[in-house]
Amino acid sequence: MQPPCKMLSLFTLLTLCHTTHADERLVTALDIDNLSPQALGFGLVELQPHVVNEVSASVQHSLSNQYVFDRKATEGVVFDGELNLTRLAIRYPLATALPGQAELFGSIGYYHHGEGVMDDFIVNWHDWFGLPEGGRSDRNSDAFRYQYARDNQLLIDNTSPDSGIGDLRIGARYELGSEAWPLAVQMQVELPTGDADSFTGNDEIDVGLGVSSSAGTKVGSGHAAVYYGGGLNYIGLNRFGAESGKIIDQLHWVGNLRAGVLYGQPGEWKVQAQLDYHSKQFRSELEPLYASATQFSVSGTGYLSRQLALQAGFVEDLRTRISPDFVVFVSLLWSGADA
């Protein structure tokens, strides 16, 4: 049985078991985006299953490497590069007269697109485990090209490393429902503080709405839980890295789904696995642009103190060529006193 199937089986088992209130100190979804160049500018709503009751902040660094080549009669695309992304996020509990809990949240990242150094390692990794390497061994290692052509005209040609601040995400989350079956309703806006020409932003405003929930139970001396949610997003017109004009026919409405399982000891450690999906974002003959994306993530978290935790993990693409086939991340998580 493959890892995603095992995760879904555990998800079903926990959901059917007698459920208790999922421990909010453990049940936090992984901050996972599709880091492929064509998807970076889209602000899909962050699907967190709970509202925080303490001021929380995190710094996460992700390293992703991708090689994609696809060509049809009228179109062609190459994504060959490595992305280093450092993201700062904050969540702030909000007092409200309503019966449920609320929070404000925001995040912003710094992007560096470049040649990288991981190509040879990834080729050897795929060869060792007998995995498809998608033509990586047929081109020069550690190169950088983001290119798109249509009708024999090169419309996007990024071959020089670039860096910059990304789009700013801000939003609000409100949690209601019963103790055993909470429901978190969230709204998010992504503001165009990044730059589409540098593949760090969208140059337009994106808006997302989402709902999430969780269920948990005691298992041995620890706590196990599942969490899940879905969102609907309106994406502003993305110029897809081009200097002027609409390059590809973009879809404005994009859906995203998330499901995860975890087990751990509150305040000590936890392990978790997560599936993330989003629907297609463009109309194109090229698979890296027209297809939906599904990613599988695994992480482990250790608590260094009551307020500080260290998290590390990796992301695997389940729809190859739609999202990066190599992503690792490390996060420093902090929770403070009540606001």
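User: Which residues line the second largest cavity?

Analyst: The lining of the second largest cavity is made of Asp31, Ile32, Asp33, Leu35, Gln60, Ser62, Leu85, Arg87, Gln295, Val315, Val327 and Phe329. Keep in mind that this is a predicted model.

User: Which strands give at least two residues to that lining?

Analyst: Strand S1 (56–71), strand S2 (75–94) and strand S17 (326–335) each supply at least two residues of the lining of the second largest cavity.

User: What classes are the residues in the lining of the second largest cavity?

Analyst: Six are nonpolar, three are polar and three are charged.

User: And how much space lies in there?

Analyst: The second largest cavity holds about 90 Å³ of space.

User: How many cavities of 30 Å³ or more does a search of the whole structure find?

Analyst: The search finds seven cavities of 30 Å³ or more. The largest cavity has a volume of about 280 Å³. Its lining has 24 residues, and those closest to the centre are Ile32, Asp33, Asn34, Leu44 and His278.

User: Which strands supply at least two residues of the largest cavity's lining?

Analyst: S12, strand S13 (269–278) and strand S15 (293–303) each supply at least two residues of that lining. By class, the lining of the largest cavity has twelve nonpolar, five polar and seven charged residues.

User: Is Arg87 buried or exposed? And Asp33, buried or exposed?

Analyst: Arg87 counts as buried because its relative accessibility is 7%, and buried means under 20%. Asp33 has 19% relative accessibility, so Asp33 counts as buried too.

User: How many salt bridges does a search of the whole structure find?

Analyst: The search finds ten salt bridges. One of them joins the side chains of Arg306 and Glu54, at 2.5 Å from N to O. Arg306 lies in the loop between S15 and S16 and Glu54 in the loop between H1 and S1, so this pair ties together parts that are 252 residues apart in sequence. Arg306 is exposed, with a relative accessible area of 59%, whereas Glu54 is buried, with 14%.

User: What about Arg258 and Asp276?

Analyst: The side chains of Arg258 and Asp276 meet in a salt bridge of 2.6 Å, N to O. Arg258 is in strand S12 and Asp276 is in strand S13, 18 residues apart, and the pair links distant parts of the chain. Arg258 and Asp276 are both buried.

User: Which residues do salt bridges with shared partners join into one network?

Analyst: Asp31, Asp33, Glu46, Arg87, Arg169 and Glu190 are joined into one network.

User: New topic: the surface. Which residues form a nonpolar patch there?

Analyst: Met187, Ile205, Val207, Leu209, Leu232, Tyr234 and Trp253 form the patch, and together they have about 680 Å² of accessible area. Strand S9 (206–219) and strand S10 (222–234) each supply at least two of the patch residues. Trp253 lies in strand S12 (residues 253–265). The relative accessible area of Trp253 is 55%, so Trp253 is exposed.

User: Where are Asp151 and Asn152?

Analyst: Asp151 is in the loop between strand S4 (145–150) and strand S5 (153–158). Asn152 lies in the loop between S4 and S5 as well. Asp151 counts as exposed at 54% relative accessibility, and Asn152 counts as exposed at 84%.

Methods. Residues are numbered from 1 along each chain as its sequence is written. This is a predicted model: local features need pLDDT of at least 70, side-chain atom pairs count only at pLDDT 80 or more; totals for chains, interfaces and linings use all residues. Side-chain values use heavy atoms; hydrogens and water are left out. Patches are made of residues with over 30% relative accessible area and no salt bridge: like charges are joined within 9 Å, nonpolar side chains (Val, Leu, Ile, Met, Phe, Trp, Tyr) within 5 Å. Accessible areas come from the Shrake-Rupley method with a 1.4 Å probe; for residues, only the protein chains shown count as cover. A salt bridge is a side-chain nitrogen of Lys or Arg within 4 Å of a carboxyl oxygen of Asp or Glu. Helices (H or I, at least four residues) and strands (E, at least two) are DSSP runs, numbered from the N terminus. Buried means under 20% relative accessible area, exposed over 50%, partly exposed in between (1.4 Å probe, protein chains only). On a 1 Å grid over the protein atoms alone, a cavity is a set of points where a 1.4 Å probe fits but cannot get out, and a pocket is an open set with protein on both sides within 12 Å along at least five of seven lines; lining residues have an atom within 4 Å of a point. Grid points are joined across faces, edges and corners, and a volume is the space filled by probe spheres set on the points. Ala, Val, Leu, Ile, Met, Phe, Trp, Tyr, Cys and Pro count as nonpolar, Asp, Glu, Lys and Arg as charged, and the others, Gly among them, as polar.
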